[in-house]
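Here is a short tour of one protein model, with the sequence and coordinates for you to follow along. Let's start with the space inside.

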Amino acid sequence: MPLPYFEVDVPIHRSGQPGLSGVHVFIGRAASRSAAVRIAHEVYEAARAAAAAGLEIPHGRPDGWGACGYRPGWDLDWSAATVGRWNNPYSWTRADDGFEL
């Protein structure tokens, strides 16, 4: 059985500009909520390191997680991250239904 998809929502704010804030969303398969947060953090750090080195952002790891980009000057608050099962808005089933078709 494949691992479930999780959504990790990490609050962000713009350095030096109070009031500019949002949420950075990471989605991928993981064995647990804590694993999802750990993997999302790894993906973010890989994107940050690639951007700092002038390299292309790594888009996909073998486990399916990846980053679409990196925004310098935005700080992520990993201690306030929330995680839950991802619900595909285009699916006939929902993760919280308790069953899948």
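## The largest cavity

The largest cavity holds about 80 Å³ of space, in a predicted model where local features need pLDDT of at least 70, side-chain atom pairs count only at pLDDT 80 or more, and totals for chains, interfaces and linings use all residues. A cavity here is a set of points on a 1 Å grid over the protein atoms alone where a 1.4 Å probe fits but cannot get out, and its lining residues have an atom within 4 Å of a point. A search of the whole structure finds 1 cavity of 30 Å³ or more.

Which elements each supply at least two residues of this lining? They are β2, α1 and β3, and α1 gives the most, with 3 residues. Among the lining residues are Val-43, Tyr-44, Ala-47, Arg-71 and Trp-74. The lining divides into 8 nonpolar, 2 polar and 1 charged; Ala, Val, Leu, Ile, Met, Phe, Trp, Tyr, Cys and Pro count as nonpolar, Asp, Glu, Lys and Arg as charged, and the others, Gly among them, as polar.

## Helix α1

Helix α1 covers residues 33–52 and spans 29 Å from its first C-alpha to its last, close to the 28 Å expected at 1.5 Å a residue. That expectation is 1.5 Å times one less than the number of residues. Helices (H or I, at least four residues) and strands (E, at least two) are DSSP runs, numbered from the N terminus.

The buried residues of α1 include Ala-36, Ile-39, Val-43 and Tyr-44; buried means under 20% relative accessible area, exposed over 50%, and partly exposed in between (1.4 Å probe, protein chains only). Its buried residues pack against β1, β2, β3 and β4. Just after the helix, Gly-54 takes a positive phi of about 75 degrees.

## Gly-22 in strand β2

Gly-22 lies in strand β2 and is partly exposed, with a relative accessible area of 29%. Beyond its neighbours within four places in sequence, Gly-22 is in contact (heavy atoms within 4.5 Å) with Val-10, Pro-11 and Ile-12. Its C-alpha is separated by 9.5 Å from that of Leu-76, 54 residues apart along the chain.

## Confidence and conventions

The chain averages a pLDDT (the predictor's confidence in each residue, from 0 to 100) of 86, and 90% of the residues score at least 70. Residues are numbered from 1 along each chain as its sequence is written, and side-chain values use heavy atoms, with hydrogens and water left out.

Definitions and conventions: 1 Å grid on protein atoms, 1.4 Å probe; cavity = no way out; pocket = protein on both sides within 12 Å on 5 of 7 lines; lining within 4 Å. Points joined across faces, edges and corners; volume = space filled by probe spheres on them.
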